Amino acid sequence: MKRVYNFSPGPSMLALPVLEQVQKDLVSYGSTGMSVMEMSHRSKMYQEIFDQAVELLKELMHVPENYKVLLLQGGATQQFSAVPLNLMKTGRADYVDSGNFAHLAAEEAKRYGEVRIAGSSRAENYTFVPEADVSPEADYVHITTNNTIYGTRFTALPDTKGVPLVADMSSNILSEPYDVSRFGVVYAGAQKNIGPAGLCVLIVREDLLGRAHPLCPKLLNWQVEAEANSMYNTPNTFAIYVAKLGFEWLRSLGGVEAIEKVNVEKAALLYDYLDDSRLFKPTAQKAFRSRMNVTFVTGDPDKDAQFVKEAAAAGLVNLKGHRTVGGMRASIYNAMPVEGVKALVDFMKQFEMKNA
């Protein structure tokens with residue numbers, strides 16, 4: 001069966017070498033005689049897989065020594081609760097409302113303390129990333145580095161005036177280099193640039209551990225998870241194994257610095273066409289365009305639906321945009337090859353010739 005080009009925003013496509021290795025290991029991992037899904041998370045054979053995954057992520061992101069890497073469950077959304085429960089010492093935090101998930105994170109944090117919106121583009125349907133007006137009295141500042149639904153990204157980090165910066169990097173982690181030392185906490189759901197859904201990567205500066213609210217559930221308490229090496233309970237063993245394979249694949253390409261060049265090329269191919277198109281128009285403001293999620297419309301909902309249907313028949317799937325934006329969205333994460341973007345642009349040209 002021929003594989004399609006999958007432009008899903010998440011769960012998204014995985015690199016073919018990763019899938020092929022999973023297939024090879026599925027029944028028996030190496031010489032163990034069992035699948036990774038059958039291994040005890042306490043066993044030596046699985047601990048090696050886990051440790052390798054952590055070390056690879058540290059290497060790829062150049063994580064400083066004074067940070068802990070946790071591999072948790074519940075995806076990024078669970079961290080919407082965990083962040084305030086672990087970091088709200090005075091009960092005040094700043095949030096930049098730059099998209100749907102940024103908004104949801106702020107709304108959840110309001111359950112635990114006072115949330116100040118340090119910048120918002122909600123009234124403009126999140127077509128840009130607002131500047132952050134940070135309060136030095138805040139316990140932390142929360143941002144979402146890439147906005148999956150609206151196709152925007154932070155092109156520069158805000159000056160937090162020494163206040164710990166917390167970043168949800170779910171949809172652009174490992175796609176471009178970041179100086180981890182500028183963050184107090186980085187977290188990301190795995191299902192876009194890392195591996196299967198259900199896993200959440202969390203990188204936390206050690207001095208921010210041990211601050212959890214007394215009522216914080218143990219499974220949300222970063223200190224508890226750090227002391228248990230992410231194994232207070234059974235972790236998502238299979239997803240961590242697939243993530244390890246993904247990290248190995250990324251390293252084989254030259255790491256984050258190398259994949260960034262590919263991602264810039266892919267995004268340029270698509271945006272350059274959109275800027276010259278007579279039919280399709282990008283929705284995000286040019287200065288804030290995401291490299292991972294490209295949103296665009298024709299201006300005619302019926303024509304948008306026709307495009308999505310015909311594209312799927314041509315092997316270009318999951319291009320329908322989110323209902324709040326409409327139109328189309330092409331998610332071009334690390335695993336999407338340049339050839340996939342070229343195929344999409346070629347199809348868009350053909351569609352435009354027939355429908356403009």
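Before anything else, a definition: a helix axis here is a line fitted to C-alpha atoms over the stretch in contact, and angles between N-to-C directions run from 0 to 180 degrees. Keep in mind that this is a predicted model.

Start with helix α3, residues 75-87, and helix α4, residues 100-109. Their axes are 9 Å apart, and the packing angle is about 45°. Angles from 65 to 115 would be roughly perpendicular, and under 35 roughly parallel. So α3 and α4 are oblique to each other. Their crossing is right-handed. Who makes the contact? From α3, we have F80, S81 and P84. From α4, we have F101, L104, A105, E108 and A109. By class, that is 6 nonpolar residues, 1 polar and 1 charged.

Next pair. Helix α1 covers residues 16-25, and helix α6 covers residues 237-253. The axes come within 9 Å and cross at roughly 135°. That makes α1 and α6 oblique, therefore, to each other. This crossing is right-handed. On the α1 side, look for P17, V18, Q21, V22 and D25. They meet F238, Y241, V242, L245, G246 and W249 of α6. The count for this contact is 8 nonpolar, 2 polar and 1 charged.

Last stop: N172. Find it in the loop between β8 (165-168) and β9 (185-189). Is N172 buried or exposed? Its relative accessibility is 1%, so N172 counts as buried. The N172 side chain has a polar contact of 2.7 Å with the side chain of T145. Setting aside neighbours within four places in sequence, N172 touches T145, N146, Y178, N193 and M292.

Technical notes
Residues are numbered from 1 along each chain as its sequence is written. This is a predicted model: local features need pLDDT of at least 70, side-chain atom pairs count only at pLDDT 80 or more; totals for chains, interfaces and linings use all residues. Side-chain values use heavy atoms; hydrogens and water are left out. Helices (H or I, at least four residues) and strands (E, at least two) are DSSP runs, numbered from the N terminus. Angles under 35 degrees count as roughly parallel, over 145 as roughly antiparallel, 65 to 115 as roughly perpendicular and the rest as oblique. A crossing is left-handed if the near helix is turned anticlockwise from the far one by less than a right angle, and right-handed if clockwise. Contact means heavy atoms within 4.5 Å. Ala, Val, Leu, Ile, Met, Phe, Trp, Tyr, Cys and Pro count as nonpolar, Asp, Glu, Lys and Arg as charged, and the others, Gly among them, as polar. Buried means under 20% relative accessible area, exposed over 50%, partly exposed in between (1.4 Å probe, protein chains only). A polar contact is a pair of N or O atoms within 3.5 Å; within protein, one must be able to donate a hydrogen and the other to accept it, and residues adjacent in sequence count only if both atoms are side-chain atoms.
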